[in-house]
Every structure is written in structure tokens, then in C-alpha cells.
Amino acid sequence: MTENELLLNGTIGQILSAVKGGNITVEGTVRFFIERIKKNNLNTFIEIYEEEAVKKAREADRKVAAGDVRGAFFGIPFALKDNIAVKGHKLTCASNMLRDYTATYNSTVYEKIEAEGGILIGRTNMDEFAMGSSTETSFYGSTLNPWDRNRVPGGSSGGSAAAVAAREVVFALGSDTGGSIRQPAAFCGVTGLKPTYGRVSRYGLVAFASSLDQIGPICRSAEDAERVFSVINGFDKKDTTSKEVEKYDFTDYSPKKFKVAVSNDLNDTNLNPDIKLSLSNLLNDIKRDGHNVEGVDFDFSKYSVPVYQILSCSEASSNLARYDGIRYGYRTEKYDSLFDMYKKTRGEGFGEEVKRRILFGTYILMAKNSALYASSFKVARLIRDKLKGTFEKYDILITPTTFNPAFKFGEKIDDPIQMHHSDALTSICNLSGNPGISIPAGFSREGLPIGLQIITKRFDEKTMFQFAKYLQSKSNWHRALPEE
Amino acid sequence: MKIENEDVRKAAEIAKIYLNNEEVESYKIDLEDMTQEFLDVLQSLGIDLDEKFDFTQSSSKRTVLRNDNPDVFEETDKIIKNAPSVKEGLFTVPTILKGEN
């Protein structure tokens with residue numbers, strides 16, 4: 001493998017070995033990726049920390065020379081979605097509201113990766129406050145999909161997914177409230193994980209819907225995603241929703257026979273025929289390998305989106321009440337009174353989609369609508385119970401990650417209901433707390449990536465990674481690169 | 001489900017978001033569509049809107065609270081720097097109480 005091939009398609013482990021062996025320098029690696037970000041011009045990053053990253057790379061190279069190489073990510077360039085705090089750096093959530101905000105403390109996930117020697121090269125673009133499925137709601141303009149620049153990269157973690165797909169970074173973190181890691185991973189042909197709720201600390205993640213938000217990795221392969229997950233998971237006393245379960249460690253792939261359930265969504269007439277064909281072929285292949293594959297008669301996607309909208313918007317309306325133009329963030333210039341200032345600040349500082357969700361959440365939480373709010377929990381419980389029942393019989397539940405491959409810019413932005421349905425197959429995991437991973441599973445006739453979602457029971461990321469690594473051991477979709 | 005302009009204005013008032021008349025009209029349609037979609041789901045699943053939901057069954061049995069230990073935060077200047085308007089180390093707001101000085 002040449003140095004170029006290594007940096008473009010090597011695993012974290014392979015790049016780490018080359019750094020340790022002195023075959024490549026950390027500075028050269030960091031500069032390689034930063035040059036690609038500039039050359040590609042996909043608007044993946046809101047800010048590149050070039051000077052700081054190069055300085056850290058030189059320090060790392062001095063450590064290599066001194067034989068002092070330590071850490072799972074020593075010298076590995078990574079990126080963070082711009083809603084994950086790094087002290088002293090801007091944290092904007094791609095919103096006009098926070099365009100001048102500087103984080104005053106570090107997120108736990110950043111501290112964990114930094115402690116392992118990872119080199120942060122910038123903060124990536126996203127939908128404003130993680131509300132969207134295309135990055136079109138970003139205050140900083142849309143990110144382009146590296147497979148087709150006329151199409152969206154998905155969202156809300158679209159910058160992170162496109163940056164990994166275009167090989168502008170080795171890995172990136174995103175956040176997933178209804179599919180914001182998995183949907184862009186599917187649209188960009190990369191691997192994206194939403195861990196079990198409570199597995200990864202949310203400390204330092206700007207809150208959207210606290211009972212649904214999880215941070216997770218977007219990577220070149222399931223193996224890399226497992227490496228990153230192994231570092232960032234674990235109990236954190238700073239996040240009261242993080243679970244005191246045993247820390248997850250990387251496991252080598254050992255072949256076994258899986259019991260696989262396939263959701264009825266694969267038979268949905270709205271499913272793109274290319275996605276249906278790709279996944280059907282893949283399932284036949286899995287059967288030929290001797291795994292037990294059976295269909296389950298529940299259309300998870302039919303019920304998830306409206307419930308997800310009620311719960312996430314209700315929580316968002318409360319979480320985003322803090323942006324009042326007093327302690328931080330944007331403040332309107334002209335106002336008559338305190339309340340006038342609040343209203344104009346929030347009216348001008350938030351974008352259209354964010355306001356839509358706050359208004360919907362506020363409306364749902366009005367006393368006269370309490371039955372609507374309570375009923376959303378009934379449906380969420382039903383979905384959770386269905387999943388629980390499924391995992392009493394099967395190891396794995398497979399669904400498509402999305403109903404369609406990446407859509408064109410402007411295609412859905414004026415139709416919020418259609419846009420919200422981009423989360424139909426992914427938000428079930430957020431409502432139930434289960435982990436879900438999207439891995440590349442082929443290409444459409446137009447050459448657009450197709451994603452397969454693997455769901456397992458809560459806290460069983462091990463089975464998920466074993467199955468994902470099995471699939472990636474027999475395919476090369478995750479190694480395909482977009483044309484430049 | 002029919003939603004009135006007044007419902008949207010009330011939600012905007014509670015959420016402290018300024019909306020012009022055009023925005024009220026536009027958001028009203030979105031809120032109607034989003035609510036109706038949910039009602040359709042309830043109907044297709046045969047879930048009764050008026051049936052009570054027991055929230056004690058849905059949340060964690062354990063209340064998770066940290067000990068309330070006071071701590072010193074050394075970098076208040078960094079917090080203050082993020083504020084749009086500050087005077088002598090304090091956040092400034094428009095006059096709230098009016099009267100004789």
C-alpha cells in the first residue's frame with residue numbers, strides 16, 4: 001500500500017502502525033488532509049484549525065523520534081460536529097444565534113479522544129441546532145455530497161459524513177437525535193453509529209432533545225467505528241443519563257451464525273427499487289452463508305416520525321429557551337422592552353426550521369394538548385416493546401437506513417413533512433434507546449451510495465459490530481471512493 | 001386537525017419568538033400537518049387519545065441527582081466574554097422596573 005493509498009483507505013490501526021513505524025509523519029498526514037479539505041471545497045468544515053493541528057502534529061513527530069508513542073489515536077486527524085464543545089474554540093451549531101459563541105469547557109468525548117493522541121483538525125458543518133436532514137438549514141450554507149455535488153450529504157451531521165467520505169479526515173464525530181449520524185452516513189457511503197442511549201457521555205454536546213440525543217462516530221469502516229466507540233463510551237458522572245455499565249472494549253471478529261430479522265419496511269412501496277434490490281441481494285448472500293434470515297411483520301417506519309417530532313420538538317422548545325440574548329449569543333439591535341428583545345432576538349437569531357420545531361413543541365406542550373403529548377409516549381412504548389420482542393428471537397434487525405438515496409438540493413427544503421420523513425427508519429432507535437449502525441451496502445444506478453441499518457438490543461454493540469464486520473469482510477462498498 | 005392563527009400566536013408568545021402575519025399563516029399549516037400526521041398514527045394503531053398514560057412506568061426508577069457540592073469556577077471572564085452586553089462584570093438587560101430613581 002502506497003502512502004497515498006494508506007491515507008485514503010487505510011484503517012485507523014494501519015495508519016497508526018505507519019506513524020509508529022516512522023513510515024509516515026504526523027505533520028505530513030495532517031497537511032495531507034487539510035489540503036484535501038481546501039481542494040475539494042465541499043463546505044464540509046465551518047472552521048479548520050490548521051495552525052493548531054500542525055503544531056500538535058510536530059509535537060507528535062518529536063515524540064515518535066523520542067520513542068514516546070502512546071494512545072489509540074496517536075497522530076490520527078479527526079473532526080467534530082460543530083455542536084460538540086472544545087474549550088477556547090467557537091461552538092456555533094451552524095446558527096446565527098451562536099456565531100460568536102466560544103466554548104468555556106471541553107466535552108467528555110473530545111477529552112477522551114485527545115487523551116489518546118487524536119489531532120482535531122476542525123469543526124464540521126451541520127443543520128442548524130442539528131434540526132434537519134440535509135445541512136440546508138446551516139447558517140453557513142449547505143455541504144455538498146462528494147458523490148454528486150448537486151445533492152445533499154444528508155443531515156444533520158452532513159459535514160462530518162461528507163468529510164469522512166471525501167477522505168478529508170480519518171474519522172469524525174456526529175450527534176444523532178433521530179438519525180443525524182446514520183442518514184448522512186448512508187447518503188455519503190460511510191459507516192455511522194448511534195450508540196445505545198446512555199453509552200456515550202453527552203457532556204459538552206449542545207442539547208436538542210435530551211432523551212434522544214447521542215454522540216457517535218462516523219468512519220470509513222465498522223472496524224474503525226468500533227475503535228472510536230471503544231474510546232468514547234463509558235460512564236461519566238457529568239452526564240446523569242450516562243449508564244454505569246461495563247466499558248466497551250474492541251473485540252476481534254470471530255465468525256458465528258446470526259439470527260437475522262428483516263423489517264417489513266423492505267417491502268414498502270415507497271422504498272427506492274435500487275435500494276430494495278441491493279438489500280435483497282445482500283440478504284440472499286447472508287442466507288447462503290448459513291445465517292437464519294426471517295421477515296418480521298411490523299412496519300417500524302410508519303409510526304416513528306410523527307411521534308419523534310412530538311417528543312423531540314417538545315424537548316427542543318424547552319432546551320432552546322436558554323437562547324435569550326442575555327448571557328450569550330445573538331442579541332437584536334433595536335428593542336423597546338425586555339420581552340420585545342427576547343422575541344426579536346429569537347425571531348432573528350433562529351432559522352426557519354428551528355423556529356418551526358420550537359413552535360410545534362410549544363404548541364404540543366400547551367395544556368389543552370396534553371393528551372397529544374402523553375399519547376406520543378404510548379406509541380414510543382409500542383415501538384420499544386416491538387423491538388424488545390424482536391430481540392427475544394433474533395440477534396439482529398435489518399432495515400434500509402433510508403427510503404431513497406441522497407436527494408437534490410432544494411428538493412425537500414420547502415416541504416417540512418417530506419424532509420422529516422428522512423428520519424423514518426432511523427428515529428425508531430432514538431425512541432427506543434437501541435443502538436443502530438448504517439453501513440454502505442451498494443450503489444444506485446445513478447452511482448449514489450445505499451445504506452443498510454443494523455439494530456441490536458440495548459447495550460449489545462458487540463453483536464452489531466461483529467455482524468457489520470462480517471458484512472464488510474465480504475464486500476468492498478465501504479472502500480469505494482467518490483471521483484475527484 | 002384545524003389550528004387557528006391565535007394558537008400559533010399564543011405558542012409564539014410563550015416561546016418568545018417574533019412572527020409576522022405571513023409566518024403565522026405558514027407555520028399554522030405546518031403545525032396542522034404535523035399534528036394530523038400524529039393523529040393518523042394513533043388511529044391506525046387503535047390508540048385512544050384520551051386514555052391516560054402512566055408516566056411512572058416510562059421513566060427510570062432511580063432518580064439521578066448529583067451531590068450539591070459548591071465549586072469555584074476560575075474562568076468567569078470567559079463566560080462574561082460570550083455575553084452581548086456587559087457592564088462592570090455584569091450582564092446588562094433592558095430596564096425592567098420603571099419608577100423614580
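This is a predicted model: local features need pLDDT of at least 70, side-chain atom pairs count only at pLDDT 80 or more; totals for chains, interfaces and linings use all residues.
**Entry 1: chain B by itself**

I began with chain B, which has three helices and two strands. Reading along the sequence, I noted the order α-α-α-β-β. Of its 101 residues, 26% count as buried. I also looked at contacts within chain B between residues at least 6 apart in sequence, and 32% of these join residues at least 24 apart.

**Entry 2: where chain B meets chain A**

Next I turned to the interface. I found 52 residues of chain B in contact with 54 residues of chain A. The size of an interface is often given as the accessible area lost when the parts come together, so I looked that up next. Here the area buried between the two chains is about 4800 Å², and carbon and sulfur atoms give 71% of that area.

Then I went through the polar side of the interface. The rule finds five salt bridges across it. One to look up on screen is the salt bridge between the side chains of B:Glu75 and A:Lys87, at 2.8 Å from N to O. I also noted 14 residue pairs in polar contact between chain B and chain A, both partners being at pLDDT 80 or more.

Which elements of chain B give two or more residues to the side that touches chain A? They are α1 (5-15), α2 (21-45) and α3 (76-81). The largest share comes from α2(B), with 14 residues. Sorted by class, this side of chain B has 30 nonpolar, seven polar and 15 charged residues.

**Entry 3: strand β2 of chain A**

Five of its five residues are buried, so the strand is largely enclosed by the rest of the structure. I checked the two faces separately. A:Pro77, A:Ala79 and A:Lys81 are on one side, A:Phe78 and A:Leu80 are on the other, and all are buried. For its partner, I found β3 (residues 119-124) of chain A, joined to β2(A) by four bridges, with the two strands running parallel. In this pairing A:Lys81 stands opposite A:Thr124.

**Entry 4: A:Asn96**

A:Asn96 sits in the loop between β2 (77-81) and α5 (108-115) of chain A. Leaving out residues up to four places away in sequence, A:Asn96 touches A:Glu128, A:Phe139, A:Tyr330, A:Glu348 and A:Gly349.

A:Gly361 lies in α12 (residues 352-364) and is buried, with a relative accessible area of 0%. What does A:Gly361 touch, not counting residues up to four places away in sequence? I listed A:Cys313, A:Ser314 and A:Ser317. I also noted A:Ala316, which is 45 residues from A:Gly361 in sequence and 6.9 Å from it in space, C-alpha to C-alpha.

A:Ser312 belongs to helix α10 (residues 300-319) of chain A. A:Ser312 is buried too, with a relative accessible area of 0%. With residues up to four places away in sequence left out, A:Ser312 touches A:Phe208, A:Ala209 and A:Leu212.

Technical notes:
Residues are numbered from 1 along each chain as its sequence is written. Chains are lettered from A and ligands numbered from 1 in the order in which they are written. Side-chain values use heavy atoms; hydrogens and water are left out. Contact means heavy atoms within 4.5 Å. Buried area is the accessible area (1.4 Å probe) that two parts lose on being put together, summed over both. A salt bridge is a side-chain nitrogen of Lys or Arg within 4 Å of a carboxyl oxygen of Asp or Glu. A polar contact is a pair of N or O atoms within 3.5 Å; within protein, one must be able to donate a hydrogen and the other to accept it, and residues adjacent in sequence count only if both atoms are side-chain atoms. Ala, Val, Leu, Ile, Met, Phe, Trp, Tyr, Cys and Pro count as nonpolar, Asp, Glu, Lys and Arg as charged, and the others, Gly among them, as polar. Buried means under 20% relative accessible area, exposed over 50%, partly exposed in between (1.4 Å probe, protein chains only). Two strands pair if DSSP finds at least two bridges between them.
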